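Subject: Handing over a structure

Hi there,

Here is the structure I promised to pass on to you. Have a look at it first, and then read on for what turned up in it.

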Amino acid sequence: METELKAESTIRRPVRGAQAPPSIISEPISATAKARLSSPPSAIVYCEDNFAKVDGKTANGLVRHSEAYRILSIIDSTRSGQDSGLVLDGVANDIPIFENLDAAIAHTATVPDTLIYGMAPSTGRLSLTDRGVVLHAISQGMNVVSGLHEYLSDDAEIANAASEYKVTIRDIRRPKPSKDMKLFDGSVAGVNALRIAVLGTDCAIGKRTTATVLAGALNAKGIKTVLVGTGQTGLMQGAKYGVAMDAVPPQFCCGELEGAIVAASEAEQPDVILIEGQGALSHPAFCTSAFILRGSQPDAVILQHAPKRAHRCDFPDMPMPTPESEIALIEAFADTKVIGVTLNHEGMSEAEITQTIASQSQKLGLPVTDALSRPTAHLLAMIVAAYPGLRQSAPAATI
């Protein structure tokens, strides 16, 4: 059956989508080289002492899902010798963890294409130890991808090394020149797709993971869905549309996100557009949730919450908000409705997850599930309950 969604048609304008790994070819290439270019570049993810932790969220996300890079291994000496899938989710994925870069390279037949800096430290900067690893990777002929606020391509030592060894530095958070940025103009109102933002009660709480799982589930059921990335990890994973929101001047945040959503709508004609959340609307350290709500003008919101998290990440004196208070704030701030809650089960037993889902669902009067520990059918039911007009057709390719 065809998907049925209704929306008024207003302003529509073409806007180019988000960045992808650069590929510049100036000379004819061999058949072997062409075959290599057709597959994602291979990558080792550096996440020393942070894998499966909050500050390792970039590495965690790439292990779970990556379209832009073929993840070969993780570097974290505290987890050396283990399977990253078992460490992260209790399910083996054959992506091993090594003590250092040399050990990771020795495990492969050829030197991998890329080193990805897989951490998101609160400082947003490179440590002296990390710098040594980056320089070592460059000396081995590896490209470097970083989501730090500190642009590695602006660092004289790193830039000179990259030039010497003829490799590239990709700074995910580097925004385009302000002269090329888009101001909000209301064109998002002309997007026919159902727009759902996945927000949360804290940073690094699983918003992107839940959005990725939901996008895959919807596409598998023939409800064509595009996920718009708003942070460095989503863009590294291969989000076709999006922008690193926290690197854009506030004046342009809403417009840049609007542009990415309009671009996705124009090019893909999806039934649903999911918008990855950032931070939390109630969190005083972040303003990105406000820009996401303004720029995307979502029809609905799914709220991600960690019941066992006592305080905000990196803020031990700042207690976590309740789902009720965050829902009230979101619905007061924007013309939207929270249609369900998803859990981050950190620190929870299986019995606690089950009990919390039941109690929170009754308390909030909303469907509640866990994207990782419960069947994806529960996520789909959350959407269908709110929008029964969605109709499934033939399964669509995940975007």
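A helix crossing is called left-handed if the near helix is turned anticlockwise from the far one by less than a right angle, and right-handed if clockwise. With that in mind, α5 passes α6 in a left-handed crossing. Please remember throughout that this is a predicted model.

Let me stay with that helix pair for a moment. The axes of α5 (residues 128-139) and α6 (residues 156-165) come within 9 Å and cross at roughly 15 degrees. Since angles under 35 degrees count as roughly parallel, α5 is roughly parallel to α6. Where the helices meet, α5 contributes R131, V134, L135, I138 and S139, and α6 contributes E157, I158, A161, A162 and Y165.

Now for the overall picture. The chain has 399 residues, and 52% of them are buried. Among contacts with a separation of 6 or more, 75% are between residues 24 or more positions apart.

Seven strands form an open sheet in the order β9-β8-β10-β7-β11-β14-β15, with parallel pairing. At the edges stand β9 (241-242) and β15, each with a single partner strand, so one side of each is left without a neighbour in the sheet. Helix α7 (residues 207-220) lies across β7 (194-200), β8 (225-229), β10 (272-276), β11 and β14. Its direction is at about 160 degrees to that of β8.

Within this sheet, I would look at β14 (residues 337-343). How many of the seven residues of β14 are buried? Six of them are, so the strand is largely enclosed by the rest of the structure. Strand β11 (residues 300-305) pairs with β14 in the parallel sense over six bridges, and Q304 stands opposite T342 there. Strand β15 (residues 368-369) also runs parallel to β14, joined to it by two bridges. In that pairing, V341 has V368 as its bridge partner, while T342 stands opposite T369. To get from β14 to β15, the chain crosses through helix α12 (residues 350-364), and this β-α-β crossover is right-handed.

Is Q360 buried or exposed? Its relative accessible area is 17%, and because buried means under 20%, Q360 counts as buried. Not counting residues up to four places away in sequence, Q360 touches P323, G365 and V368. V368 is the β15 residue that bridges to V341. As for P323, it is 37 residues from Q360 in sequence, and the two C-alpha atoms are 8.9 Å apart in space.

Finally, a residue elsewhere in the chain: S73, found in strand β2 (residues 70-75). What does S73 touch, leaving aside its neighbours within four places in sequence? The contacts are A43, I44, V45, I95, P96, F98 and A104. At 1% relative accessibility, S73 counts as buried.

Note on methods: Residues numbered from 1 in each chain as written. Predicted model: local features only at pLDDT ≥ 70, side-chain atom pairs only at ≥ 80, totals over all residues. Heavy atoms only, no water. Buried < 20%, exposed > 50% of the residue type's maximum accessible area, 1.4 Å probe, protein only. Helix = DSSP H or I, 4+ residues; strand = E, 2+ residues; numbered from the N terminus. Pairing = 2+ DSSP bridges. Right-handed = clockwise from strand over helix to strand, strands pointing away. Contact = heavy atoms within 4.5 Å. Axes fitted to C-alpha atoms, helices over the stretch in contact; angles between N-to-C directions. Parallel < 35°, antiparallel > 145°, perpendicular 65-115°, else oblique.
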